[in-house]
Structures are given as structure tokens and as C-alpha cells.
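I opened my notebook to follow a few packing questions through this model. Here are my entries, in the order I took them.

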Amino acid sequence: MSEPISIPRPATPEIPEVLPVLPINNAVLFPGMFLPLVVSGDAWVRLVDEAALSTKVIGVFRRVQAGEEFDPAMLAPTGTAALIVRMMRLPQGGVQLLLQGQARIKVQHWVSIKPYPQARVSISRDPVDVPVEVSGLARAALAGFQQIVELSPNLPDELAMAAANAPHPGMLADLIAANLNLNLDDQQAVLDMLDVNERLQHVLRLLEREREILMIGRKAQEEVSKNQREYVLRQQLEAIKRELGETDDHAAEIAELRRRLEEANLPAEARQEAERELSRLERMPPGAAEYTVARTYLDWILDLPWHASTVDNLDMARARQVLDEDHFDLERIKERIVEYLAVRKLRQEEGAGGKEARGPILCFVGPPGVGKTSLGASIARALERKFVRVALGGVRDEAEIRGHRRTYIGALPGRIIQGLSRAGSNNPVILLDEVDKLSIGFQGDPAAALLEVLDPEQNVAFVDRYLDVPFDLSKVLFVCTANRADTIPPALLDRMELLELSGYTEQEKLEIARRYLIPRQRSEQGMAARGPELTTAAVQRLIREYTHEAGVRDLERRIGAVYRKMATRLAEGKELPAQIDATDLDELLGPPRFRSETLLGENEVGVVTGLAWTPTGGDVLFIEVSVIPGNGQLILTGQLGDVMKESARAALTYARSRAAELGIDAEVFQKSDIHIHVPAGAVPKDGPSAGITIASALISALTKREVDKRIAMTGEVTLRGKVLPIGGVKEKLLAAQRAGVRKVLLPKENEIDLREVPAETKEQLEIVLVKHMDEVLRELGLMAVPVSG
């Protein structure tokens, strides 16, 4: 290994620990360099006089801030201990000095300020032993400076000789910095560098910049063509202006962009692309068509929060409080968010190997109005993250997700990158609203584009086509909403954690109205601090007779309508009632829209109440069967799907196979047509869960016995009469409760699903679990004779 080179240091005067401090303007004094100086002012002249009579050494610091009075804060952090070489008094009372820098100094503390400042200083000298690496840097710096001396007409050749004879690499760096055409900030930056290695590297960068500027001047002399000469001179002029800080609007804009680029701390690939685009912009005239495109691109890439993050609030008690404040019930959803916080907290305590915890990609599936969208905002509030909502309903162009290529006019980044830019942080909560309503157009499939966004293994380097550089989406917490999961592509569904939100019970709606809807509507209608209260009976009647929904959106509209009526009366100077009771709703909102008794209607032969699942929640439906003269045909109407048609045929086969036990004349199947109809014919219907309902309606029509419409049912039926399990139990039971049903027949195998049903619903409904069609017929009173199951 090479040994450090030892360089003898020339003799220097001893520097006292306490020095008088002289601030100077418009100059930086380096160790070993000379500086002529004129000093005026009584305090400063006295400082020089007393120093000249004692040690002849003073501390010289550049003044970086203007001010009439001396303030230690106005001085640069590093100064120079200077020897007074020559001193001459001037007629005006001032003193002309010639100072020689001795060593770098820093102020440890101030001894006195009056009559002139004195400070105890720490002295920094360059080490005597020079490592081989520093010697190599010194040679490179010397060669670069000699080249600058050759290129520059303003530097004498003797400087190259002086640099070659510099006794120490540190002094060589100081000599170069003192003689290059540098501004004061650059010179002070060199003086601040106490490490010789760092100082030489910085000086090499300054030499390279100066060489480029001088090369522009050299090229200008070599050009022959007038146009080429004019172009180079303009380049030289711009270079000089940049050095002098005198730039025009275009140059000022470029300088501002470059400043933003330096402050942005972009990743390597993004920085390389931004610098390339900035270089193109710098050479482009402002009137060029591409100028705006390049400028817009730079604005986007510089405004993105590449490293800006918000700090998660991992207080689980506070998170529960926030979620409870914004939403009633929804305990499973709230528990999942608290679990996420718990995992984040434990990973932070363990260190987690420096890796971020992967954020879950939650998908809330449920009918409209149950709080899916507002739940995303509550999650952001609980975590204290920024919130961005991206509406995906009707989006049919994948460029909405991935962005447009810059070759197109009006190109922009995709909605994900736009949302991050609006949020100003790289870890917001992004709500992808209505993800089930994405559609495919000739521009591509946006659902396929979301695959990369929502895949934790890929979104660490998501490439938007507009930016064309990777952006890390792994810190984003994605939340999706949908009304139904079956329309979401399987590959996209596989990347999400489904959390189902069913409809609310009457008691839950009542509580939501009390806590959230009524206060919000009173405030929106100008009745926050005045006006009557809605009684509990009035709210219950609104729920039962004026709305028929799984969520609470229509309920809020009705409450708003009530308070608008009150606001109108108040504005007209009329007296308001003390409270709004259930009996007042007829006058305020008109007659009820729904009644359970009219909804179900009177009992009829061949009509049975069934339960169905829809994207907007559960609903009741009626199966109607008529037996008419014919030749044994089965007629199916009501826009039924293939599966539902097969259920009807299976029900007919079951009825024919059990005709004797049910008291049905076998000849009726040959001499009559059977017509099965499901009302609301404009609405498509499908699925096997109406099997027992169709069979019951068919047997009711064939036996001419009425069935109680307050008994609803759901379940698939086989040819042997077995009742098979179905889905959507919670939604169907909530629909039965809303419709006024008293008894529900469910498949025995769906008993486990009753755990998800609210206690209130199970208390109001008589739920009968059945395994065979015979049990269904007994509950309906359609069995002619007892038959063993």
C-alpha cells in the first residue's frame, strides 16, 4: 500500500486563540493569498491599530448579510486568520492594509462586541501528511487549472507556475479558487470546506464549469460562417449572463426549473429524464410548438411527491373513535382498519427489516347509500393521510389509468398520477369509486390497466405512459367500491380483499338518521340552530312508508325535503311547530309511497312471495302461476334467465312426481298449459334461488289453495325435492323485514349465514330452516295428506 506523502509546511506566525474580528464586504480571503483592503470607521481603525501594535494577526470574515450595526449572525461560518503585512494611513482617516491569509478559523464564542468584536476561535490547518488519493486529485486540479490559464486571456501565465509550486494540495485548491472567475458564494463554499479531499473535488467541478464556458469562447473565435458565429456568440452571452446572474425571461424560467430540479431530489431515472427534457427546453425557442409540451412535462414530474409522505397516526383508540364518529355499525370494516394499524405499529416496533408494510387493497361491495365512499374518507382521516377519490364509473379508455403518450395533443398523466399530484404525498388513501362499472372500449380495457396499479408486486415501479419513468405506488392505501362483485374481472378481483356491506335494518337507519342525517340536513337547509325536531315516530314512518332501500340515501333526501318545508315557512314569517310528528308527514311530503300491507297485497291462489338478491340490496318478488286449458305446455315469462327457466322445469317435474300425495289430478298436466310469470318484466332475472318459490306457487295453483303472502322463501330445489343452499342471505332477510314479511323459509344449510344477520332482524322474523320441499309445503298448508320426510 502506498504511504502518505509528507510535505513540509512553511513557517507561519503564531495565531492567538482570541482574535479581533474584521468583517469585510465583496471579498473572500484564502490562506496563503494576499488581499488589499481599505478600512474606515473609528471602531474598525482602532481594531487595526491595536492589532498592528500587538500580534499583527486579525480574523477576517465575509459579511453575508447587509446591516449598519455589527451582528455575529451576518458573518459567514468560516473565516481566515490574516497577517497585517503592510499598513498605510489615508488622509480621510481610514487605513489601507495588505493582508496575507494564514489559516481557516471558526468562531467558538464571542469574547466582546464593543468597542470592536473579539472572539475565541478554532484554527484549522491542512494536515501535513497527504494521502495518495489527495495527491492524485491535486495533479488533476493542477492540470485543469493550467488548461484554464491557457484558454483564458485574463489569467497571466505566471499563475500556472505559481500553482505548480504550491507547497500543499490544500493551498493549491485555495489558489485556484481565489483566481478563478467565481462568485463570492462559490468562493465561500470552498473556504468552508475543511477537508482537503472534498475541497479538491469541488474545485475540480468548478474548473470543469469554467473550462466549458471558456471553450464556448474559443469556439466563437473559430467559427467562419456568420450564422454560426452569431449562434455561438449568443451561447457565450447566455453563459456570461448565467455567471453574472443577469438573465432574460426565458433564461430565468430555465433557471427556476433547474432550481426546482435540484430541490426535488428525484430518483435517478426520473432525474435523468427531467435533465434531458430540460436540456431540450433550454435549446428551444419559447415560440416553438414543442416548448409548451416540454414545459408541461417538467412541471408534472417536478410537482410529484416522489419522497413526500405523511406520518401515519397509529393510535388505534383514536382510529376507532374517528370511524365511530363518521359511521354507525359496520363493525367488520372498522375492525379490519384497526388490524391494519396494529400490523403497521408492530412492524415499526420490530424494525421490519427496513421494508414498508404492504397496504391492503380493500374493496367495499354493497348496495348504494350504505356509506362505501364516505368510509374511504374516514379511513384517511383515521390514519391522518391525504384522501383522493378517483371516479371510474363509465371509464372505457385505459389511458385514463396509464396516461397518454406525450406525442398526443393535450396529453396528461393518468388519474392515479394526477391524484398523487393533488394529494402532495406518496402515501395517500386513493378511493377507486365504482370499480365494477368500468367498461371496455376500442381504446383498451381500463380494468386490465388497473392490474398493475393494484398488484403489490408490480406497483413499486408503476410506469405512467406520460411520465415514462417508474413511480412507487406501494405506499398508497387503495380502497375500491362496487355495487356488485360479479361484474369485476376475476384477475382484478383476485388482487382485492372483499368486504361486503349489506343494507341497514330499521333500527340502524333510525340511529344513522339521528346521529348524521338530521344534523347534516338541518345545517344544509339553514335550520341548524332553530326549527323543530323530528320525533322518533316520524323518522320510523319515513323509513317504513316513504323509502324502500337498502341504504339511507333516499331517507336523507326525505329528511331534507321536510326541513326545506320548515325553512320555507320560517322565511315567510309563519310559526313553526314545536316538533314534527309522524302525522305531519302527510301534509309535508304527501301520501306514503310504500305500505307493507299494500306491498304484499292480499293472499291469492298461485301467487307466492320470494326473496331475491340485487346489486342494490335484497328485494321481494312474487311468482305467479296460472293453470289454463291447453295441451301440457309450460309458458315462462318475465324476462327469465336460463338458470331460472331450468328451476321452473325442475319445480314442474317435482310437482308431477308428487301429484298423488299433493291431491293433484294427473290429467291436469296433459289437458292444461301452465303459465309461470315473474312481474317487473322489463328487469332481467336469473339464478336458482327461486326454485322452492316457483314450486310452491305451482302447487298452489294446481291445488287451488291460497298461500299467505307474509311468508317469504328462498332456496334451490332438486327433482327429488331437496332444498339446496343459496347466497345473499343477509340482504334477502333485510328485504323481507322492510317489506313486512313475518316468516321466512331458508335452506337448512344456510344456518351458518345467520351469524351475519343483525339480531333485530332475527327477532322480527320467524326463520324456519328446511331441508326438503315437503317441509316447505307443510309451512304453507299445501300438503293434502301427511307425508313422511
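For what follows, I count two residues as in contact when heavy atoms lie within 4.5 Å. I also keep in mind that the model is predicted.

**Entry 1: helix α19.** I started with α19, residues 536-546, and asked which of its residues are buried. I found A538, V539, R541, L542, I543, E545 and Y546.

**Entry 2: α8 and α10.** How do the axes of α8 and α10 cross? Helix α8 spans residues 249-264 and α10 spans residues 289-303; their axes come within 10 Å and cross at roughly 25°. Angles under 35 degrees count as roughly parallel, so I noted α8 as roughly parallel to α10. The crossing is left-handed. On the α8 side I listed H250, E253, L257, R260, L261 and A264. They meet Y291, R295, L298, D299, L302 and D303 of α10. Sorted by class, this contact has 6 nonpolar, 5 charged and 1 polar residues.

**Entry 3: a mixed sheet.** I then traced an open sheet of 7 strands, and wrote down its order as β21-β22-β20-β19-β24-β27-β28, with mixed pairing. Which strands sit at the edges? They are β21 (634-637) and β28 (766-770), each pairing on one side only. Ignoring direction, neighbouring strands are turned by 30° against each other on average.

Strands β24 (residues 711-713) and β27 (residues 743-747) run parallel and are joined by 3 bridges. One position I looked up was A712, whose bridge partner in β27 is V744.

**Entry 4: helices across the sheet.** Helix α26 (residues 691-703) lies across β19 (607-614), β20 (617-629), β22 (672-677), β24 and β27. I took its direction against β20 and got about 35°. Helix α27 (residues 729-739) lies across β19, β20, β27 and β28, and runs at about 75° to β20.

**Entry 5: D397.** Last, I looked for D397 and found this residue in the loop between β10 (387-391) and α14 (399-402). Is D397 buried or exposed? D397 counts as buried because its relative accessibility is 18%, and the cut-off for buried is under 20%. I also checked D397 against D126: they are 271 residues apart in sequence and 65 Å apart in space, C-alpha to C-alpha.

Methods:
Residues are numbered from 1 along each chain as its sequence is written. This is a predicted model: local features need pLDDT of at least 70, side-chain atom pairs count only at pLDDT 80 or more; totals for chains, interfaces and linings use all residues. Side-chain values use heavy atoms; hydrogens and water are left out. Axes are lines fitted to C-alpha atoms, for helices over the stretch in contact, and angles run from 0 to 180 degrees between N-to-C directions. Helices (H or I, at least four residues) and strands (E, at least two) are DSSP runs, numbered from the N terminus. Angles under 35 degrees count as roughly parallel, over 145 as roughly antiparallel, 65 to 115 as roughly perpendicular and the rest as oblique. A crossing is left-handed if the near helix is turned anticlockwise from the far one by less than a right angle, and right-handed if clockwise. Ala, Val, Leu, Ile, Met, Phe, Trp, Tyr, Cys and Pro count as nonpolar, Asp, Glu, Lys and Arg as charged, and the others, Gly among them, as polar. Two strands pair if DSSP finds at least two bridges between them. Buried means under 20% relative accessible area, exposed over 50%, partly exposed in between (1.4 Å probe, protein chains only).
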